[in-house]
Amino acid sequence: MNTTIKHMAIAGIFFLSTSSYAACGKVTITEMNWASASVVTEVAKFLMEEGYGCDVTKVPSASVPALASVAETGEPDILTELWVSGTPSFNELEAAGKVTALTAVLSDGGVEGWWIPQYTVDAHPELATLEGVLANPDLLDGLFHQCPEGWYCKTINSNLMTASGFVEAGFEVFEHGSGETMATSIAAAFANNDPWLGYYWAPTSILGKYPMQMVDLGEFDADAHTCNTKSDCAAPKVSPYPSSRVITAVTSKFAANNPEVTELMKNLSFTNRQMGEVLAWKEDNNASGEEAAVYFLNSNKEVWASWLNDDARSKLSALLQ
């Protein structure tokens with residue numbers, strides 16, 4: 001691994017003693033099974049333990065089982081990086097008063113769309129819009145990089161291409177076999193300064209590493225997008241992907257009993273650019289979520305310092321110098 005992680009003045013950052021702190025008690029927090037969620041959990045865990053004296057237990061999970069556990073047992077206390085659009089049971093639990101949404105932990109939301117390398121758009125600004133793309137297939141090698149079979153975005157993209165006359169404009173569609181080959185194709189394009197057009201999403205290490213611009217597909221149309229998600233959509237229309245709401249939530253019981261920690265988790269939020277940079281570093285260094293959290297904490301002191309209350313900021317003052 002790159003030795004960058006070692007430049008923190010506190011090599012044992014995740015192993016500091018909390019014995020002298022006034023305990024906030026035991027806290028359980030989800031560790032969702034994807035990279036950005038792991039980073040969020042590790043950052044939150046460190047700040048809760050070292051700033052607020054909590055005894056934190058990570059609960060490996062995913063959105064649906066985590067919500068099912070809250071419904072049945074009242075735990076985990078904290079659910080972070082919860083993609084609400086894919087978890088309708090969250091709304092039911094919130095309506096029942098069992099959970100409280102605190103914040104958009106990804107402040108920009110989960111972003112999906114059609115992307116082009118920034119250097120290509122800089123050279124050909126007309127490619128920033130769908131109309132410009134359709135008028136200039138030669139500037140993009142006449143190729144669209146499509147989602148793998150089984151991904152819901154494949155259906156949406158197919159309907160968008162039908163609605164816009166993509167194939168008629170002179171484009172061919174290349175269907176990738178996996179997310180890994182999509183990422184590799186972007187890296188290869190950047191290595192050779194080649195054009196690239198296709199679907200991707202953020203925050204990801206790829207968009208953290210490679211500057212890309214999303215193609216403007218016009219105004220969002222909720223009805224059109226709903227139809228575009230269906231393989232049998234009778235009348236596809238052009239509409240961009242909506243931004244996904246990605247939140248941190250806590251059980252209502254935890255919020256009532258732990259107002260200071262709840263306020264911390266309400267403040268704890270990342271932009272997609274911040275998270276993308278951390279994920280790119282994590283991938284380049286083959287790092288764990290814990291190590292990526294150390295990298296974030298070291299590189300963004302002014303950000304996380306603003307999340308803390310005065311007492312926690314005092315306890316962590318040595319790290320903020």
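## Close-up views of a predicted model

**View A. Cys147 and Cys153 are joined by a disulfide, with 2.2 Å between their sulfur atoms.** Keep in mind as you explore that this is a predicted model. Is this link left-handed or right-handed? The torsion about the S-S bond of Cys147 and Cys153 is about -130°, so this disulfide is left-handed. Both partners are tucked away from the surface: Cys147 is buried, and Cys153 is buried too.

**View B. Strand 6, helix 6 and strand 7 build a right-handed β-α-β unit.** To find the pieces, look for helix 6 at residues 152–164, then for strand 6 at residues 143–146 and strand 7 at residues 172–175. In which sense do the two strands pair? Strand 6 and strand 7 run in the parallel sense, and four bridges connect them.

**View C. Helix 1 covers residues 35–52.** Its 18 residues reach 25 Å from the first C-alpha to the last, close to the 26 Å expected at 1.5 Å a residue. Why can we call helix 1 largely enclosed by the rest of the structure? The reason is that 17 of its 18 residues are buried.

**View D. A disulfide links Cys24 and Cys54, and their sulfur atoms sit 2.0 Å apart.** The link of Cys24 and Cys54 is right-handed, with 135° about the S-S bond. Cys24 lies in the segment before strand 1 (25–32) and Cys54 in strand 2 (residues 54–61), so this pair ties together parts that are 30 residues apart in sequence. How accessible is each partner? Cys24 has 22% relative accessibility and counts as partly exposed, whereas Cys54, at 3%, counts as buried.

**View E. Cys227 and Cys233 are held together by a disulfide, S to S 1.9 Å.** Here the angle about the S-S bond is 110°, and the link of Cys227 and Cys233 is right-handed. Which side of the 20% cut-off for buried residues does each cysteine fall on? Cys227 has a relative accessible area of 21%, so it is partly exposed. Cys233, at 10%, is buried.

**View F. The model holds three disulfides.** If you count the bonded cysteines along the chain, the disulfides follow the pattern 1-2, 3-4, 5-6.

Definitions and conventions: Residues numbered from 1 in each chain as written. Predicted model: local features only at pLDDT ≥ 70, side-chain atom pairs only at ≥ 80, totals over all residues. Heavy atoms only, no water. Expected span 1.5 Å × (residues − 1). Buried < 20%, exposed > 50% of the residue type's maximum accessible area, 1.4 Å probe, protein only. Pairing = 2+ DSSP bridges. Right-handed = clockwise from strand over helix to strand, strands pointing away. Disulfide = S-S within 2.5 Å.
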